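Subject: Structure handover

Dear colleague,

Please find it just below, with my notes after it.

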Amino acid sequence: MNYLLDTHCVLWCISHPEKFSKRVIEILENSGNRIFVSSLSLWEIALKVRLKKLQISGFKVDQIPDLLDVMRIEILDFSGEEAIHFSKFEIIDQKDPFDLFLIYFSITKNCILISKDLVMSKQKLKGFKTIW
């Protein structure tokens, strides 16, 4: 199966894996699963660190790609075509642009979104699935 990590889950993989549910830990530890993170999530982390809206400890923000690589978590970039096709994405009640993109990206990349965010889990869209 293919899974996409919500931004908070990226940070938890690195520094707080105890925050995951048992179900998510099983998914992450199963070598048959592919775990992805969107490059936009990495940009969100870097932006929030830069704006001092997020503090991280135990590692530096520029170490994240290497740390993800060690954990077998793949970084998914999005193309200009995918960015433009976002304009045709179904309108939903989601104000956070990063979350909105992760919903869209998980659908287009055929991934189940790993997220503890209750707002995200309540979205009812064709092809969108979350797990926690």
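Predicted model: local features only at pLDDT ≥ 70, side-chain atom pairs only at ≥ 80, totals over all residues.

**Nonpolar cores**

The largest nonpolar core has 23 residues, and those with the most contacts inside it are Leu5, Val10, Leu28, Ile64, Leu68 and Ile114. At least two residues of this core come from each of strand E1 (2-5), helix H1 (7-15), helix H2 (22-29), strand E2 (34-38), helix H3 (39-50), helix H4 (64-70) and strand E4 (112-114). H1 supplies the largest share of this core, namely six residues. Leaving aside residues up to four places away in sequence, Leu5 touches Val10, Cys13, Leu28, Ile35, Phe36, Ser41, Ile73, Leu113 and Ile114. Another core, of 18 residues, lies apart from that one and has Leu40, Phe98, Phe105 and Leu125 among its residues.

As for H1 itself, seven of its nine residues are buried, so the helix is largely enclosed by the rest of the structure. The buried residues in H1 are Thr7, Cys9, Val10, Leu11, Trp12, Cys13 and Ile14.

**Aromatic pairs**

In the pair of Phe101 and Phe105, the ring centres are 5.1 Å apart and the planes are at 25°, so the pair is stacked. Phe101 and Phe105 are four residues apart in helix H6, which means that about one helical turn separates them, and both Phe101 and Phe105 are buried. These two residues also take part in one aromatic cluster, which is formed by Phe78, Phe86, Phe101, Tyr104 and Phe105.

**Salt bridges**

The structure holds three salt bridges. In one of them, Glu74 pairs with Arg34, and the closest N and O atoms are 2.7 Å apart. Because Glu74 lies in strand E3 (residues 73-76) and Arg34 in strand E2, this pair ties together parts that are 40 residues apart in sequence. Glu74 counts as partly exposed at 31% relative accessibility, and Arg34 counts as partly exposed at 42%.

Another salt bridge joins the side chains of Glu82 and Lys109, at 2.8 Å from N to O. Glu82 is in helix H5 (residues 80-85) and Lys109 in the loop between H6 and E4, so here too the pair ties together parts of the chain, 27 residues apart in sequence. Glu82 counts as buried at 17% relative accessibility, while Lys109 counts as partly exposed at 27%.

The side chains of Glu44 and Lys48 also meet in a salt bridge, with 2.9 Å from N to O. Glu44 and Lys48 are four residues apart in helix H3, so they are separated by about one helical turn. Glu44 is buried, with a relative accessible area of 5%, whereas Lys48 counts as partly exposed at 30%.

**Backbone angles**

Two residues may deserve a look when you go through the backbone. The phi angle of Lys52 is near 65°, which is a positive value in a residue other than glycine. Lys52 sits in the loop between H3 and H4, and at 73% relative accessibility it counts as exposed. Asn110 likewise has a positive phi, near 55°, and is a residue other than glycine. Asn110 is found in the loop between helix H6 (97-108) and E4, and with a relative accessible area of 61% it is exposed.

With best wishes

Definitions and conventions: Residues numbered from 1 in each chain as written. Heavy atoms only, no water. Core = buried A, V, L, I, M, F, W, Y, C linked by side-chain atoms within 4.5 Å. Buried < 20%, exposed > 50% of the residue type's maximum accessible area, 1.4 Å probe, protein only. Contact = heavy atoms within 4.5 Å. Phe/Tyr/Trp six-rings, centres within 6.5 Å; stacked < 30°, edge-to-face > 60°. Salt bridge = Lys/Arg side-chain N within 4 Å of Asp/Glu carboxyl O.
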